[in-house]
Amino acid sequence: MTFMNIRLQSLSTISAYLLGFVWIMPLIYAFWAAFHPPEYATNFSLTAPLTLVNFKSAWNQAPFFSYMLNTIIITTIILVSQLFVCTLAGYALAREKFTGRGLALGLILMQLMVMPEILIVENYQTLSSLQLVDTHIGVGLPYLASAFGIFLLRQTFKTVPQELEDAARVEGLSGIKMIIRVFVPLAFPTYLAYSLVSISYHWNNFLWPLVVTNTEASRPLTVGMAIFGAPESGVDWSVISAGTLIAIGPLLAIFLVFQRQFIQSFMQAGIK
Amino acid sequence: MHKRFNLKAWLLLLPALLLLFAFTHWPTMRTFWRSANWAKTDVAEPKFVGTENFALLLDDPVFWKVLENNFWYAIGTVPTSIALAILMAIWVNGKIRCAGLLRLAFFTPTILPMITVANIWLFFYSPDIGLFDQLLRSIGIDGPNWLGDPDMALSSLIIMTIWKEAGFFMIFYLAALQTLSPELYQAARLEGAGPWRIFRRITFPLLMPTTLFVLINALLNAFKLVDHIFILTKGGPNNATNLLLYYIYETAFSFLDSYYAATLTVVMLVILALIAFVQMVLFDRKIHYK
């Protein structure tokens, strides 16, 4: 390696760390502001005292507990339904032969392009005629079936060897039992990957929940945070940062613990 | 065994098809219907107006402004996020120290909610007391009014979007890089090829399928990601940061005109159809290893 190349190499390494620092800085800042008194929010002194007072005032100024409960309920409803619906449809598309299979797949994949976010106007009309505005199930409804999940499971189920299915049939398994006992366990990594992607998507989803929730009864964390953080609310940076950490805390904790699985999952989900 | 009518298969598909019909296909059709009708309120009886809503649209300066913004938003976010994603993936995949930590730093924005991190970015961008202006002042530069200046605001949104997206796209490149054979690189090095040449002649062409996949997703995001607008600018100043989906939201839920909002949605559907078409053409050509 020439001298020139070595210098290029170290320049590239320094840029990598620099960019990494820039990328994580908003989160570091949130931690800084949340754990220090408000007068240190814009004053980065190493001798600044630590405090939990921002968390206390954030917690008292917004119903974080209901928001979090709503987010958990909504995310759970969506995930459970998606796993059920996508398993059945994915199996049918992967293992059954029938006229109209291509058409069915095409109709399903349409959701990849025309995402529920785009159809907020009409879906709101539907929800209000069903009188499901401001309910947990209402926030979940447009997402209960997922084209992405169906496609992912279809690809996985396709790789299950025919001999295995035949053997299970000889053992007397068929229909739903076959799916649950043979296909679901074999596709476990796909289920894990899909679940992590789905949870982080819906934990973070904002536009549709904003449209379809009106009160604390169904409002998730994202919508709550938008109201809480609005400049009109007059809350200072330190308290907003504390609120932000409360809101992202659970997801961030899960993410840090299962970091490898998370990243693997996103990778796997993208390749299929 | 090819069955003409396979009851079991259709029963298995029924929940998915019903849900998708109710919340994707039906609302898509209703959007077209609504765009050809008009009523003063949502409870009033709508009357058929043909293409009148579209005539209104063509005369609406905000609509054109929004389209223009969305165009620049896509131009601003898509290529830069892709380039950064490739760079990040190459770094993290290489022999750099603390690669795991670096990967974590790049990826973290992906799992954070746009809406809550926008609150932090709002502080970064606030005039004078904000972090960016403070940093700039410390080196003697008067920082711009990041969100208040109409010429600057959209760029500020673009910067935040790139920060949010690049690490996500990095993941796909990382997955692709791990499938490339090390022998190829050894051979190239033996031939005396430098890092830039190796990237241009080997890595980049081999990553082409991933780039296509990411490109389509980044394009879709350019039309779908509007959450941060709610916190940072609310479309202002003077519609400088208003994007199509945000305008649809405003029209339907602030101005309460669901018919005009549907008309705008039709434009969105046409754009999405175009992206789908581009995707089909590109994937058909299969830009693969030559």
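**A tour of the A–B interface and its salt bridges**

Across the interface of chain A and chain B, the rule picks out 11 residue pairs in polar contact, both partners at pLDDT 80 or more. Keep in mind as you click around that this is a predicted model.

Now widen the selection to the whole interface. Together the two chains bury about 7,800 Å², and 76% of that is on carbon and sulfur atoms.

Next, look for charged pairs. Side chains of opposite charge can pair when their charged atoms come close. The rule finds 3 salt bridges across the interface of chain A and chain B, and the count over all chains comes to 5.

For one of the cross-chain pairs, select Glu122(A) and Arg34(B): their closest N and O atoms are 2.5 Å apart.

Then go to Lys8(B) and Glu96(A), whose side chains meet in a salt bridge at 2.8 Å, N to O. Lys8(B) sits in helix H1 of chain B and Glu96(A) in the loop between H3 and helix H4 (101–113) of chain A, so this pair joins two chains. Color by accessibility here: Lys8(B) is partly exposed, with a relative accessible area of 30%, while Glu96(A), at 10%, counts as buried.

Stay with chain A and select Arg95(A) with Glu165(A). Their side chains form a salt bridge, 2.9 Å from N to O. Arg95(A) belongs to helix H3 (residues 64–95) and Glu165(A) to helix H8 (residues 162–170), so the pair ties together parts that are 70 residues apart in sequence. Both residues are buried, Glu165(A) with a relative accessible area of 3%.

Arg169(A) is partly exposed, at 40% relative accessible area. You now have a network on screen: Arg95(A), Glu165(A) and Arg169(A), linked by salt bridges.

Last stop, the surface of chain B. Select Phe5(B), Leu7(B), Leu11(B), Leu14(B) and Leu18(B), which form a nonpolar patch with about 530 Å² of accessible area together. Phe5(B) lies in the segment before helix H1 (7–35) of chain B. Is Phe5(B) buried or exposed? With 57% relative accessibility, Phe5(B) counts as exposed.

Note on methods
Residues numbered from 1 in each chain as written. Chains lettered and ligands numbered in written order. Heavy atoms only, no water. Patch = residues over 30% accessible without salt bridge, like charges linked within 9 Å, V, L, I, M, F, W, Y side chains within 5 Å. Areas by Shrake-Rupley, 256 points an atom, 1.4 Å probe, with all protein chains shown as cover. Salt bridge = Lys/Arg side-chain N within 4 Å of Asp/Glu carboxyl O. Helix = DSSP H or I, 4+ residues; strand = E, 2+ residues; numbered from the N terminus. Buried < 20%, exposed > 50% of the residue type's maximum accessible area, 1.4 Å probe, protein only. Buried area = accessible area lost by both parts, 1.4 Å probe. Polar contact = N/O pair within 3.5 Å; in protein donor to acceptor, adjacent residues only side chain to side chain.
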